[in-house]
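Student: I've got a protein model open and I'd like to learn how to read it. Can we go through it together?

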Amino acid sequence: MAPSRGSAGPGGRAEPEVLASSAGRVLADEHAVVRGLWRVIDVFRWLALAYAVWAAWERHDRIAHPAAAVAVLAVLAAWTLAVTLRPVREVRAYTVELAIGCAAILATRLVDDPTVITGGAKTIPSIWPTAAVVGFAVLRGWRGGLVAAAVVAACSFVEVVEPTPNTVTNSIFGLMLGGCLGYCVDLARASHAALAESMRLDAARAERDRLARTVHDGVLQTLAFINRRAGDLGGEAARLGAMAGEQERILRTLVSQTDLAEVGRAVSGDADLRALLRHVEGEGVQLVSPADPVLLPRRVADELVAAVEAALDNVRQHAGTEARAWVLVDADDDEVAVTVRDSGAGVPPGRLEEAADQGRLGVSSSILGRLADLGGTATVTSGPTGGTTVEMRVPHHRAPGAARRPGLAHPHPGTHVPGAS
């Protein structure tokens with residue numbers, strides 16, 4: 001491997017994490033294979049320098065300007081010593097190293113006679129520029145390795161003027177080495193990331209199972225006991241028992257969700273709005289949602305669920321004991337809409353403004369304020385024959401490449417939703 005007329009080197013990829021240390025700025029890479037490659041580059045740079053010095057000495061009697069050759073080798077030695085004492089695993093550092101290596105290749109024309117160059121003599125830096133190509137490959141993957149190897153190959157062709165078989169062979173070898181090694185580093189990083197994600201999911205599932213056992217052994221059993229005893233006592237206690245039973249049902253639904261896709265979305269920062277709203281469905285409340293997940297950032301989804309819960313609280317308090325409520329979820333490419341409709345008596349005109357003036361902020365703060373903070377909108381309307389509709393809309397920041405979902409979430413056949421056309 002002697003890229004005397006066009007060296008190239010291996011490849012890799014990723015954005016490195018750079019840490020400060022007393023020895024300089026050193027990359028703390030996430031993968032053992034990549035950490036090993038950085039050490040290999042440091043050792044290879046010295047070996048390549050020693051080989052360049054030996055190659056120059058071996059043909060010193062044919063060098064036209066020995067002083068210039070010594071100067072070029074001195075620059076290479078100085079840089080090698082500097083990056084050994086103070087390692088820097090950054091693109092700018094390896095750009096400088098690549099520039100030094102290419103300049104050393106081109107400087108061979110100032111050191112040797114043209115007849116010696118066309119005769120196939122090694123360049124002054126010999127294989128030393130390969131270290132920079134390998135560094136680019138590790139930092140930027142197979143693309144970085146190929147680009148750096150192509151730059152070195154171009155300089156070798158410029159230096160020799162008339163390409164020799166050695167120049168062509170070394171250039172092709174360098175391009176293959178840079179691309180293949182870079183691709184291997186990419187695979188190593190991808191496999192490491194997949195393993196780390198799998199471990200995070202396993203840890204999240206284990207923690208969820210642990211919490212589910214704790215809740216089941218304590219809170220759920222207590223709520224179930226209160227529900228049973230309160231039913232026996234009757235009266236006001238029965239009403240409290242029914243509330244405890246409802247909370248038990250909601251909590252049991254939450255802790256029993258073991259869908260790994262849901263856990264993955266929770267770990268990655270996204271949440272399925274349908275799953276988060278599942279607990280609101282129960283006696284007197286029906287949830288109608290699309291068949292596909294409605295993914296939103298976790299904070300946005302939590303705030304939207306809180307606004308829905310506030311709207312349902314208003315239904316329980318003001319719509320009457322016989323009122324029913326429907327929660328409809330609708331998602332398209334631009335926004336997510338959640339509509340809460342009830343079959344109650346409706347809100348008299350001016351009642352919301354009056355409640356806000358009296359300091360009762362259930363609608364103005366819990367619903368309208370939340371949606372405004374999310375960059376969305378909320379409207380509260382009442383029909384002429386009764387019933388109230390709360391419509392909440394937030395922007396839908398879809399992940400690239402996500403499939404388009406149906407525009408509306410339609411109720412099941414035979415389900416009547418007040419106010420729906």
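Predicted model: local features only at pLDDT ≥ 70, side-chain atom pairs only at ≥ 80, totals over all residues.

Student: Okay. How many helices and strands does the protein chain have?

Tutor: The protein chain has 12 helices and 9 strands. Of its 421 residues, 41% are buried.

Student: How do I find empty space in a model?

Tutor: Rolling a probe the size of a water molecule over the atoms shows where empty space is left. In this structure the count is 1 cavity of 30 Å³ or more. The largest cavity holds about 40 Å³ of space.

Student: Which helices each supply at least two residues of the lining of the largest cavity?

Tutor: Those are H1, H2 and H3. H3 gives the most, with 3 residues. Among the lining residues are Asp42, Arg45, Trp79 and Tyr94. By type, the lining has 6 nonpolar residues, 4 charged ones and no polar ones.

Student: And what about pockets? What volume does the largest pocket have?

Tutor: The largest pocket has a volume of about 960 Å³. Its lining has 24 residues, and Met243, Glu246, Glu283, Val285 and Arg316 are the ones nearest the centre. Two helices, H7 (236-256) and H10 (298-318), each supply at least two residues of that lining. H7 has the largest share, at 7 residues.

Student: How do the residues of that lining divide by type?

Tutor: There are 9 nonpolar, 6 polar and 9 charged residues in the lining of the largest pocket.

Student: Now I'm curious about the nonpolar side chains. What's the general idea there?

Tutor: In soluble globular proteins, nonpolar side chains tend to be buried together. Here the largest nonpolar core has 39 residues, and Trp38, Ile41, Leu76, Leu98, Trp128 and Val138 touch the most other members. Helices H1 (32-58), H2 (66-85), H3 (91-111) and H5 (130-160) each give two or more residues to this core. The largest share, 11 residues, comes from H5. There's also a second, separate core of 34 residues, which includes Leu277, Val305, Val315 and Val340.

Student: Let me zoom in on one member. Which residues is leucine 76 in contact with, leaving aside its neighbours within four places in sequence?

Tutor: Leucine 76 is in contact with Leu49, Ile100, Ala104, Pro125 and Trp128. Among contacts between residues at least 6 apart in sequence, 75% join residues at least 24 apart.

Student: So are leucines buried or exposed? Take leucine 47: which is it?

Tutor: Leucine 47 is found in helix H1. It counts as exposed because its relative accessibility is 56%, and the cut-off for exposed is over 50%. The C-alpha atoms of leucine 47 and isoleucine 127 are separated by 9.4 Å, although the two are 80 residues apart along the chain.

Student: One last thing: how do I read backbone angles?

Tutor: Most residues other than glycine have a negative phi, and most peptide bonds are trans. Serine 126 has a positive phi of about 55 degrees, although it is not a glycine.

Student: Where is serine 126 found?

Tutor: Serine 126 is in the loop between helix H4 (114-118) and H5. It counts as buried because its relative accessibility is 0%.

Technical notes. Residues numbered from 1 in each chain as written. Heavy atoms only, no water. Helix = DSSP H or I, 4+ residues; strand = E, 2+ residues; numbered from the N terminus. Buried < 20%, exposed > 50% of the residue type's maximum accessible area, 1.4 Å probe, protein only. Contact = heavy atoms within 4.5 Å. 1 Å grid on protein atoms, 1.4 Å probe; cavity = no way out; pocket = protein on both sides within 12 Å on 5 of 7 lines; lining within 4 Å. Points joined across faces, edges and corners; volume = space filled by probe spheres on them. Nonpolar A, V, L, I, M, F, W, Y, C, P; charged D, E, K, R; others polar. Core = buried A, V, L, I, M, F, W, Y, C linked by side-chain atoms within 4.5 Å.
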